[in-house]
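Dear colleague,

I am handing over the structure we spoke about, and I would ask you to have it open while you read. My notes on its salt bridges follow below.

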Amino acid sequence: MPLQTPPLRGAHDERGAKFTEFGGWDMPVEFDSIQTEHAAVREDVGIFDVSHMGQIHVTGPDATTLMQRLTSNDVTRLEVGDSQYAAITNEDGIIIDDTVTYRLPDEDDEPTYLFVPNAGTDEETHERWLSYRNEWDLEATVDNRTDEYAMFAVQGPNAPTLVDDLTEESVASLARFEAQYATLDGVTCWIARTGYTGEDGFELIVPWSEAEHIWGLIDCLPCGLGARDTLRIEAGFLLSGQDFDLESNPRTPYEAGIGFTVDLETEFVGRDALEQVDVEGVDEKLIGLQLIDRGVPRHGYDITNTDGRVVGTVTSGTMSPSLDQPIGLGYVPTEYAEPGTTLQVVVRGQSKKARVETTPFIDTV
């Protein structure tokens, strides 16, 4: 099937971007270089086109109930302008996806939400919401609006000032995970103090037809998915399909290190299974790794103990541009998960000494 393209595909091409397939989308992986773009976000400000992320809109009398039953966190705590990170789990408590849910202003006096599933999962997620809505006989409208909105992430220590200077309504006072509508040169956008780099900044949800206009207003270095990956690994953030996958790497939120998204006081699909995991504990958990020997850990590489026995697998890895050290994430039995534990990563057939590290690897907001 042909790849989906973001609204700025042509503009990115003219800027000299290199492209890669991700989640069924043709997305820029780098513009100048991953190192340059990574440094811009850590030290100044950069902008990412993340229009490949899904956009599911839910409203109606039972919208809150539907969102509460299908995400792991407590949606009832969200006031208008709040957002929340959560997992979407199956009946066994296994992560299907992770998502951010925004509480939008009410529509027709009914609660309204927008949540963001990962790239390539919007249609499947939309169908899941519709199926459960019908099964539970709830009154809610669920729309897949992925092709109606672009999404940009403006990230870095200077991002708040840059964005605030462009908006007619100030967004500088928004706290982390707060959001509001604001106007940029006559265009109304949903602006949230969120991001996936470990830095301060905003994510802007923009009408698809105005994407090129808004992108052009934000004067900073464009960044691709390559830098986004190195930044999120340094921050210890998960990548769907890599650090967890329903088919190839099934994990619960507790194993994946996002147990904080699970509110067992609520009722949601997978809740009973996760209550049992919470009581019994996990056998394996996600850890951070830093290689001591020369080499770079990569997805799929074996993790061994010091006797050479395979005990786990690297799920994400990179040469950290900020630390100039090879780092990675992976799952190991809990007995090997204590920070400071010595392990090995098999890099191209050779065992490389590694140390378990606490994530995030760098200071984050």
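The side chains of Arg232 and Asp229 meet in a salt bridge, with 2.9 Å from N to O, where a salt bridge is a side-chain nitrogen of Lys or Arg within 4 Å of a carboxyl oxygen of Asp or Glu. Both residues lie in helix α7, three residues apart, about one turn of the helix; helices (H or I, at least four residues) are DSSP runs, numbered from the N terminus, as are strands (E, at least two). Arg232 is buried at 3% relative accessible area, whereas Asp229, at 26%, is partly exposed; buried means under 20% relative accessible area, exposed over 50%, and partly exposed in between (1.4 Å probe, protein chains only).

Please keep in mind that this is a predicted model, in which local features need pLDDT of at least 70 and side-chain atom pairs count only at pLDDT 80 or more, while totals for chains, interfaces and linings use all residues. Residues are numbered from 1 along each chain as its sequence is written, and side-chain values use heavy atoms, leaving out hydrogens and water.

The structure holds 14 salt bridges, and one of them joins the side chains of Arg42 and Glu234 at 2.9 Å, N to O. Arg42 lies in helix α2 (residues 34-43) and Glu234 in helix α7 (residues 225-234), so this pair ties together parts that are 192 residues apart in sequence. Arg42 counts as buried at 14% relative accessibility, and Glu234 is buried at 0%. Arg42 and Glu234 are also linked with Glu199 in a network of salt bridges.
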